[in-house]
Structures are given as structure tokens and as C-alpha cells.
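Subject: Structure handover

Hello,

Here is the structure you are taking over. Please open it beside this message and follow along.

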Amino acid sequence: MDVTMDGTKQQRRGNTRQRIQDVALELFAEQGYEKTSLREIAERLEVTKAALYYHFKTKEEIIVSIFQDLTKPIEELIEWGEQQPHTLETKHEIVRRYSQILADASPLFRFMQENQATVRELRIGESFKDRMRGLRDIFIDPDARLTDQVRCVSAIFTLHAGMFLLQDLEGDPEEKRAAVLEVAVDLVTQAHEGTLPS
């Protein structure tokens, strides 16, 4: 019985932490990181500041925790990719999985785009660059021509650009995501074909 109770408590605590992250990210997007206070986050959540402090002492702790949670799938993708052969199928799978990761974490990536100075100050930017280098390393054939290496890196940035630049265009979000993914896959295919012996 105690085990169930503890498990439920832990789950409830996890849900509160998630709610705090979601509301904080919402407020950061609405009014900017600098202009948002812990008091406002607590008010939006309809909890006391003390209840918020139980989970997070500062805004920085909140945003760093969001970053760590939402970018964990990138680390997992890199770990998976390091174990795979450098085949075209693997590269296509990396692009597909990364596209889904971006879609799942789009509020965080929007925050990072709109609050670049804050991201640099909090050193989230440096951690993100490390993850991007890791992604690049599982993606690029070191022996490929420079042009083909650039194509592979461009595929990653096509996914990023699609998230930001296409959001204002008319159309179904899933159709736009599929179109961006198709272009990224094409770039990877061209790059891979450039590495094959003639």
C-alpha cells in the first residue's frame, strides 16, 4: 500500500513540475523571460510562491530544467545513431526522428529563437551547440566531399528553419512539417549519393 501511495505522490509531483514548466514557457513566450517573475508564474498556476519554490527556486532553474527535459530525446538519438552504420536508411531515420523531436519541443525552440541573449547568458546555448555537434557527427560521413557534408548539415537546419519560417504560411501544420521533412531527406539522399564510389 505504501509503495502505491509513494508512486502516486511521485507522479503528482512530476505533474506539478511539468505544469510549472509549461506555464513558465507560456509566460516567457508572451512577455519575455526577463519580464516574467516567479510571482506571475505562481499566480498563473494558482499556487503560492512557496509551492513553486518547492520545485524551483529561480526562473533559471525552470528554463534549464525545461531545456534538459525537452532535449533529452536529442541525446538519446545521438546515442542511438552512434551505434548505427552510416547507411542512407540510418540517415533518413535520424532526420525523421529529429523532425519529431523538434515538433514535440517546439515551445522550447521558439523560446530559444526569441530569447537568444538569455539563452547565451544561461549557457543553454552552449549545451545546445554541443548537442548539434553530436548530431552532426552521427550524420556526416567524415570522408564525404565538403559539399556533401554541407548538405547533411543543411538538412538539420532545414528542419529548424521550417519550424520558424513556415509557421506564418497558410496550410495544415502537419503538411508543412511533411514538406520540410521531404526537403531534408532529399538533401541527405543527395549527400549520401555523393559519397558512393562512381
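At roughly what angle do the axes of α5 and α8 cross? The angle is roughly 155 degrees, and the two axes come within 10 Å. Angles over 145 degrees count as roughly antiparallel, so α5 is roughly antiparallel to α8. On the α5 side, the residues that meet α8 are Lys-91, Ile-94, Val-95 and Tyr-98. On the α8 side they are Phe-128, Met-132, Leu-135, Ile-138 and Phe-139. Sorted by class, this contact has eight nonpolar residues, no polar ones and one charged one.

Before going further, a word on confidence. The model is predicted. Its chain has a mean pLDDT of 84, with 89% of the residues at 70 or more. Where pLDDT is low, the predicted coordinates should not be read in detail.

Helix α5 (residues 88-104) and helix α6 (residues 106-114) have axes that come within 5 Å and cross at roughly 75 degrees. Angles of 65 to 115 degrees count as roughly perpendicular, so α5 is roughly perpendicular to α6. Leu-102, Ala-103 and Asp-104 of α5 make this contact with Ser-106, Pro-107 and Phe-109 of α6. By class, four of the residues in the contact are nonpolar, one is polar and one is charged.

Next, the empty space. Rolling a probe the size of a water molecule over the atoms shows where such space is left. A search of the whole structure finds two cavities of 30 Å³ or more.

The second largest cavity holds about 30 Å³ of space. Which residues line the second largest cavity? They are Ile-94, Val-95, Tyr-98, Leu-135, Phe-139, Ile-156 and Leu-159. By class, this lining has seven nonpolar residues, with no polar and no charged ones. The elements that give two or more residues to it are α5, α8 and α9, and the largest share, three residues, comes from α5. Ile-94, Val-95 and Tyr-98 of α5, along with Leu-135 and Phe-139 of α8, also belong to the contact between these two helices.

The largest pocket has about 430 Å³ of space. Its lining is made of 16 residues, and those nearest the centre of the pocket are Met-112, Gln-116, Val-119, Gly-125 and Phe-128. Two or more lining residues come from each of α6, α7 (116-121), α8 (124-139) and α9 (146-165). Which element gives the most to the lining of the largest pocket? That is α8, with five residues. The lining divides into eight nonpolar, four polar and four charged residues.

Regards

Definitions and conventions. Residues are numbered from 1 along each chain as its sequence is written. This is a predicted model: local features need pLDDT of at least 70, side-chain atom pairs count only at pLDDT 80 or more; totals for chains, interfaces and linings use all residues. Side-chain values use heavy atoms; hydrogens and water are left out. Axes are lines fitted to C-alpha atoms, for helices over the stretch in contact, and angles run from 0 to 180 degrees between N-to-C directions. Helices (H or I, at least four residues) and strands (E, at least two) are DSSP runs, numbered from the N terminus. Angles under 35 degrees count as roughly parallel, over 145 as roughly antiparallel, 65 to 115 as roughly perpendicular and the rest as oblique. Contact means heavy atoms within 4.5 Å. Ala, Val, Leu, Ile, Met, Phe, Trp, Tyr, Cys and Pro count as nonpolar, Asp, Glu, Lys and Arg as charged, and the others, Gly among them, as polar. On a 1 Å grid over the protein atoms alone, a cavity is a set of points where a 1.4 Å probe fits but cannot get out, and a pocket is an open set with protein on both sides within 12 Å along at least five of seven lines; lining residues have an atom within 4 Å of a point. Grid points are joined across faces, edges and corners, and a volume is the space filled by probe spheres set on the points. pLDDT is the predictor's confidence in each residue, from 0 to 100.
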